[in-house]
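Dear colleague,

I am passing on the structure below, and after it you will find a short account of what was found. Please read the two side by side.

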Amino acid sequence: MDIKVLGPGCAKCQQTEKVVKEAVAETGVSATVEKVTDIRKIAEYGVFGTPAVVVDGDVKCVGKVPSKQDVKKWISK
Amino acid sequence: MENKCCAANNEVMILACSGGSNVGQLSNRAAVELTQEGFGKMYCLAGIGGQLKGFVQSAKDVPVIAAIDGCAVGCAKAILKNAGIQDYNYIVLTDLGIEKNKNFNLSDEDITRVKKAVAAACNSPKTGAEASKFSRVVGCCG
């Protein structure tokens, strides 16, 4: 599973990365978590703002820090 | 997307039909100016219409949407309905008494009327230059 956290690196983006990594660790899912900070690459996803989370190419949330429960749902399917 | 940090929690997403008439182009011009004045941020309605995931999810997650249709045909409304988005502020420019035609020489007076209507629909106290004082785009992690 390929998970991308989109965000240039502010507190919310870092918090999102932390939540995602914790969710992956707790569920034991095999996944890579990549932080995308390049604004041009972020723009390719068409998101209105950051942070955003993308799971296997599917944008799951935009402009907010997701709950760990939500992330677990996304990666358990 | 702007080269700035996180979205503000109260940022307004402005969606204009941008259609092929005076009122469509008025919606577009008002959206551009409201963005430039810091009231909100214009976003790509076509991306939502194309059901591109990043655009649809962005519209679902943003707390405030101002959707501007030029006329009662309601293209923006239809696009949002197809995307499953129900909660938004909605303005139809012909409802403001602006007649739909093919005169693309837009008047400053009409643009101002539209901006005021959008701001009123979003319960903002000011438009135009005053909007900057009440800016909803508050920068990094607002």
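Read from the N terminus, the elements of chain B follow the order β-α-β-α-α-β-α-β-α, which gives 5 helices and 4 strands (DSSP runs numbered from the N terminus, of H or I and at least four residues for helices, of E and at least two for strands). The model is predicted, so to speak of local features pLDDT of at least 70 is needed and side-chain atom pairs count only at pLDDT 80 or more, while totals for chains, interfaces and linings use all residues. Residues are numbered from 1 along each chain as its sequence is written, and chains are lettered from A and ligands numbered from 1 in the order in which they are written.

Of the 142 residues of chain B, 44% count as buried, that is, with 20 or more other C-beta atoms, placed from the backbone, within 10 Å of their own.

In chain A, strand S1 (residues 2-6) is mostly covered, with 4 of its 5 residues buried. S1(A) runs parallel to strand S2 (residues 32-36) of chain A, to which 5 bridges join it (strands pair if DSSP finds at least two bridges between them), and A:Leu6 has A:Val36 as its bridge partner there. On the antiparallel side, 4 bridges link S1(A) with strand S3 (residues 52-55) of chain A, where A:Ile3 is partnered by A:Val55.

Where the chains meet, the contact takes 23 residues from chain A and 19 residues from chain B, residues being in contact if their C-beta atoms, placed from the backbone, lie within 7 Å. Helix H3 (residues 53-61) of chain B gives the most to its side, with 6 residues.

With best regards

Conventions: Two residues are in contact if their C-beta atoms, placed from the backbone, lie within 7 Å. A residue is buried if 20 or more other C-beta atoms lie within 10 Å of its own, exposed if 12 or fewer, and partly exposed in between; C-beta atoms are placed from the backbone.
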